[in-house]
Amino acid sequence: MGLFDGPVREIENFVAGKCESAGCRKLPIRHYRGWPSQDNLILEEETAIELGNPKEGSLALLAWAEEKFEEDSVVLIGPDLAEIGKRTAPFAQIVLVSGSFDEGYHCFCELRDAVYDARLKGMMFRVMPSRQMIWTRINQEALDHGLSLGHLGSALIEALSEVPNVSGVRVVFVTSGEHDLTKLSAPAARIERIVGAMMKMTEEMRYDCDGCEYRDVCSEVAELKKIRNRLKEEKET
Amino acid sequence: LTPRVIAVCGKGGVGKTTVSAITSHELFRRKDRRALIIDADPAGGLQMALHFPEGTSINQVRVETINEIKKKNRDKKDLARGIDYMLARALIEKGHLAFLSLGRPEEVGCYCSVNTLLQEAIEELSGKFDLTLIDAEAGIEQVNRNVMKAVDYLLLVADTSAKAVKVAETIRRLHLRAPEKERPDCSSIGLIRGRRLRGSKGGRTLTSLAGSLRMRPSESSTAKTFPSSTCPPVRRRKR
């Protein structure tokens, strides 16, 4: 059993359900390579589209799976940037990574930095991983030049391929609406708890489980127990 | 050189907020550069003068970050991202201007790391704008506490009172006396003196003066700019 197996399965079921009802499409990664990278400031008046504005729904998830993905992929549920047709829309960015990540939180941080430090010209990102929120603004120039969420997915795959032990990446974008983001709230909450527990045992270096707020998730996820035991052993030696 | 970060300083009630508001308005009218306006005065007068709605202040971002730490463990990078997010949310935008207010300090204990991260985030944010204008708190405190390290143009405002002139002079001296590495990176210091807001004879009104600032040193009789290394003392004009 992998650390995030439970929520990853829920996310994959959600995506599969969407694809069965023709509510998703796979974006060809190769077609979207090479968009220049740039850190931007995009003010409201320069914004053509705003995704995941704090007033709208927003979700940013990152998790890993033990099973090896057959290929890297970018799946879009909902309209792409040029098709959105309105100025703001709810947004979810889900990044699932396959590989071997024994070192728990340290590995998670590496993956997190690769995902959230990715930049694209004409797109501004603000993320709050602790609240699983992502907010992006896209300027008109980038939109006119054909910027797509495929470019973002491709950039994320490229950034993650440089992280050790990553064997495959699945990126899922959701722009279809708040209702679909709500369907992801259960796996999102589980991922948040697992990451929180992992972070706590790594940062605090205290292994007294009595009264710990993550006791339930640690009892449920065997992999968390393994991480805890390994850290405890390291501390004792 | 065109200054990038301007701080308007001086004694309370001499017209700092008026100068800042007029300059902000002028920047808004010109539409030629993206500017970040920071109301660093806890009284929040600039926000009212510019008719910006009340939003989240920098101090509220600080408190929110501290509460976040209290609730969950957070590593430094995670916190820095969170602060960036909250600052972006706190920005009040109007055209190519963006506004941030310092707000009232709220006591939640000493969190130096948060203060440092916040200062770094503001400096980084400011770096993405063509120009940053800071309406400083009255007096010398913010200059003294090295709050305005990145300032490259110190704009002193004084009226004709001895006290206002003394405060302006103290700020100038503090700036020049600060150790090199702690000193704001000012290439020049400017002085706006006198309050001739109504029908001034021969003098220029603050409004016309602000219009002429053009973010470049003015050569008018009421606004002077000196290279900071040779900056002469501020003295009361003899009548």
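**Close-up 1. A:Arg119 is partly exposed, with a relative accessibility of 22%.** Here, partly exposed lies between buried, under 20% relative accessible area, and exposed, over 50% (1.4 Å probe, protein chains only). The model is predicted: local features need pLDDT of at least 70, side-chain atom pairs count only at pLDDT 80 or more, and totals for chains, interfaces and linings use all residues. Residues are numbered from 1 along each chain as its sequence is written, chains are lettered from A and ligands numbered from 1 in the order in which they are written, and side-chain values use heavy atoms, leaving out hydrogens and water.

**Close-up 2. A salt bridge joins A:Arg119 and A:Asp39.** A salt bridge is a side-chain nitrogen of Lys or Arg within 4 Å of a carboxyl oxygen of Asp or Glu. In this pair, the N to O distance is 3.4 Å. The partners come from distant parts of the chain, 80 residues apart. A:Arg119 sits in the loop between helix H2 (105–116) and strand E7 (123–128) of chain A. A:Asp39 sits in the loop between E1 and strand E2 (47–51) of chain A. Helices (H or I, at least four residues) and strands (E, at least two) are DSSP runs, numbered from the N terminus. A:Asp39 is partly exposed, at 43% relative accessibility.

**Close-up 3. A:Arg131 forms salt bridges with B:Glu64 and B:Glu68.** For B:Glu64, the closest N and O atoms are 3.0 Å apart. For B:Glu68, the closest N and O atoms are 3.0 Å apart. The B:Glu68 pair crosses between chains, from helix H3 of chain B to the loop between E7 and E8 of chain A. B:Glu68 is buried, at 5% relative accessible area. A:Arg131 is partly exposed, at 30%.

**Close-up 4. Five strands of chain A form an open sheet.** Their order is E1-E4-E9-E6-E3, and the pairing is mixed. Two strands pair if DSSP finds at least two bridges between them. Strands E1 (25–27) and E3 (58–65) of chain A stand at the edges with a single partner strand each, so one side of each has no neighbour in the sheet. Neighbouring strands are turned by 20° against each other on average, direction ignored. Axes are lines fitted to C-alpha atoms, for helices over the stretch in contact, with angles from 0 to 180 degrees between N-to-C directions.

**Close-up 5. E3(A) runs parallel to strand E6 (residues 91–99) of chain A.** Eight bridges join the two strands. At one of them, A:Ala63 has A:Leu96 in E6(A) as its bridge partner.
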